[in-house]
Amino acid sequence: QLDGFLICFPPSLQVFPSQDPLDRADFNAVEYINTLFPTEQALEEAQKAIQQLFGKIKDIKDKAEKSEQMVKEITRDIKQLDHAKRHLTTSITTLNHLHMLAGGVDSLEAMTRRRQYGEVANLLQGVVNVLEHFNKYMGIPQIRQLSERVKAAQNELGQQILADFEEAFPSQGTKRPGGPSNVLRDACLVANVLDPRIKQEIIKKFIKQHLSEYLVLFQENQDVAWLDKIDRRYAWIKRQLVDYEEKYGRMFPQEWCMTERIAVEFCHVTRTELAKIMRTRAKEIEVKLLLFAIQRTTNFEGLLAKRFSGCTLADGTVKKPEVALPSTNPFLEDEAGTETDEIVIEKSDTDKPKKPKVPDNPFHGIVSKCFEPHLYVYIESQDKNLGELIDRFVADFKAQGPPKPNVDEGGAVLPSCADLFVYYKKCMVQCSQLSTGEPMIALTTIFQKYLREYAWKILSGNLPKTTSSSGGLTITSLLKEKEGSEVAKFTLEELCLICSILSTAEYCLATTQQLEEKLKEKVDASLVERINLTGEMDTFSMYIFLQEVCAMQWQNVEHVGDQSPYVTSVILHIKQNVPIIRDNLASTRKYFTQFCIKFANSFIPKFINHLFKCKPISMVGAEQLLLDTHSLKMVLLDLPSIGSQVVRKAPASYTKIVVKGMTRAEMILKVVMAPHEPPVVFVDNYIKLLADCSTDTFQKILDMKGLKRSEQSSMLDLFRQRLPAPPSGAENAGSLSLSAPTPEQESSRIRKLEKLIKKRL
């Protein structure tokens, strides 16, 4: 227990071995104290010793305080001397600055009166710098007075310099401008130190005076002001810039960029004047004159870019030029920057040349922007030119006749489509140099118009005619049977022409897509969404029509026999015509692969759509259709190599399309064959086999089964209720057997159908 507190240590506490009695476990404080102080005399001696110790400590503390006081007294004088020195230095510096300021102001005022601008330029900057040291002393009347004298001197200098320039270069009156002088050159150096508005005013007045003659010579009522003499404007400014460099080049500081400023102001004035006169005489603008003026103007803008950096431009009216593009199609330029007529549909990435870097032209559009409102003249001209070009294509085809059969070379792309897209490229590049705004949208509309014209007049218009053909760019004519005969309709020459037209259509399809991409690159970002050539690309796509399928009365079919006549006809014509197409597309095999893919993508959806039109269908009719569907599926899988001595495995991408599409057709027929009672089983089978949640598709299935409207209504309600159940038909999508319980007779029908299919194969 210590001072009333009991300290307890845990038994597990271990300490280092010690001989000190205080560390013993059985330590007894009372006994220990009695041992140290056995008598009262001993205790009194201890107390006296403690008192002596306290006395010594107090003595040491007193001596320390005296020492500290002594040090403070010694250093106090040193601090006073240090403060005095620092204040004295500041006072001397301030006095020197004050002397310099007072003398400088006096000298500045005297030099200003004598127009000693060379000396003033150096002195003024020094005076301004010195005055900054007295900002915190402006409360002192004398300092404030000197500051006001400096400001007054600056104002007087500014007004005096402006007056000197006005006298030398009057903005009004008949007095001829004076020549360069050292006084004005030094005045410009002073203006650099004065308020920036003085420099701006000098530049503005000088340029205005320098261009005053231009406004008189080329005012609107002058003959030289019209577009046909636009060259004279640019010739005039060239002479003026040369004259300026010779006479005044050294008068203005180089960093003022006065030559460029004069050229830029000329451009702004010219753009305004040209816009005004073109509004007045808009009816006189014809395309040749407009393009002439634009060409001369853009040439001048290019000349400015070579001569100047554009550092003075600040009005935001100019923009960066279009970047040259690699020559991978008719819309691009070759590496040398010259236009090329070579047409290349595709190249690998390694074959594509890198985009050449074109230096920015900060002056692009600085004048030529004024022509943009009148570009409708150019657009109308291109409309007319393209119309004449299409007419020439038609006439040339009639005069030269169809391309000659040449199996070795395959179906060639018609040369007219290359000419069309080369012309498109030239129009697009030219228009994008004039404007990337609304005129580009107008030009795109013209492009769309003549893409459709080309497809109709050149491609579809030259397809061999058949009595059953309804025209249009399709491959129906390759596959439809001749009435009353199962013999191929077309001669070898006609088939070669068809293949050539198909190759041309494929080329047009790919190049139209590239055209859309390049138009989107050229046009302003805000207008990109308005560039859409999907309709024109669809025009070049190929279609197949299967009218024979839905023409049959499928509800009256009484037994399942061999494949239907329409299937035999389709297979016959595929075997007769596809090998010819493949041979004629031998030089461009990838087009034949694309032909097969597009054929499948076109045939299968249309076949399925025609299946939906076969209504109502009896059970036997559905079985016959299922047999027909399987036969067509096998032929389609063999389509790429049909009739070929060298059997090649069909591309996986093609096989996948056929299997997926025709399996869906089979599943549709399987659903139609299934009994609709009980309704729950039928609906679940539909969801399982087709995995189609569309009520529209389900409605078509019910129509094919020939159900009454009252039955369909309750079935549709049940279908909507059963939709939340997750479809599980993925694993059985390719199966031809129904998982729902069916009568024994239904089972025998399925087995009989499978035997017929195997026998047919």
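Arg720 and Asp717 both sit in helix 23 (residues 709-722), three residues apart, about one turn of the helix. Helices here are DSSP runs of H or I with at least four residues, strands are runs of E with at least two, and both are numbered from the N terminus. The two side chains meet in a salt bridge, with 3.3 Å from N to O. A salt bridge means a side-chain nitrogen of Lys or Arg within 4 Å of a carboxyl oxygen of Asp or Glu. Arg720 is partly exposed at 44% relative accessibility, and Asp717 is partly exposed at 39%. The cut-offs are these: buried is under 20% relative accessible area, exposed is over 50%, and partly exposed lies in between, with a 1.4 Å probe and protein chains only.

Salt bridges that share partners also join Asp223, Asp228 and Lys229 into one network. Asp223 is exposed, with a relative accessible area of 55%.

This is a predicted model: local features need pLDDT of at least 70, side-chain atom pairs count only at pLDDT 80 or more, and totals for chains, interfaces and linings use all residues. Residues are numbered from 1 along each chain as its sequence is written, and side-chain values use heavy atoms, with hydrogens and water left out.

Helix 22 (residues 695-705) holds another pair, Asp696 and Lys700, four residues apart, about one turn of the helix. Their side chains form a salt bridge at 3.6 Å, N to O. Asp696 is partly exposed, at 45% relative accessible area. Lys700 is partly exposed too, at 29%. The structure holds 23 salt bridges.

Now step back to the whole chain. Its secondary structure comes to 24 helices and zero strands. Of the 761 residues, 42% are buried. Contact means heavy atoms within 4.5 Å. Among contacts with a separation of 6 or more, 79% are between residues 24 or more positions apart. The chain exposes about 42700 Å², and carbon and sulfur atoms supply 54% of that area. Accessible areas come from the Shrake-Rupley method with a 1.4 Å probe, and for residues only the protein chains shown count as cover.

Which residues have the most contacts inside the largest nonpolar core? They are Phe165, Phe252, Phe371 and Tyr454, in a core of 170 residues. Helix 14 gives the most to this core, with 12 residues. A nonpolar core is a set of buried Ala, Val, Leu, Ile, Met, Phe, Trp, Tyr and Cys residues joined through side-chain atoms within 4.5 Å. Take Phe252. Neighbours within four places in sequence aside, Phe252 contacts Phe165, Cys188, Ile202, Phe206, Tyr244 and Met258.

Helix 14 itself is mostly covered, with 24 of its 31 residues buried. Asn584 is found in helix 17 (residues 565-584). Asn584 is buried, at 2% relative accessible area.

The surface has a nonpolar patch of about 420 Å², made by Ile50, Leu53, Phe54 and Ile57. Patches are made of residues with over 30% relative accessible area and no salt bridge; like charges are joined within 9 Å, and nonpolar side chains (Val, Leu, Ile, Met, Phe, Trp, Tyr) within 5 Å. Ile57 lies in helix 2 (residues 40-113). Ile57 is partly exposed, at 47% relative accessible area.

Two backbone spots remain. Most residues other than glycine have a negative phi, and most peptide bonds are trans. Cys257 has a positive phi, near 50°. Cys257 is found in the loop between helix 7 (230-248) and helix 8 (258-280), and is partly exposed at 23% relative accessibility. The other spot is a cis peptide bond joining Glu677 and Pro678, with omega about -5°. Pro678 lies in the loop between helix 20 (652-673) and helix 21 (679-690).
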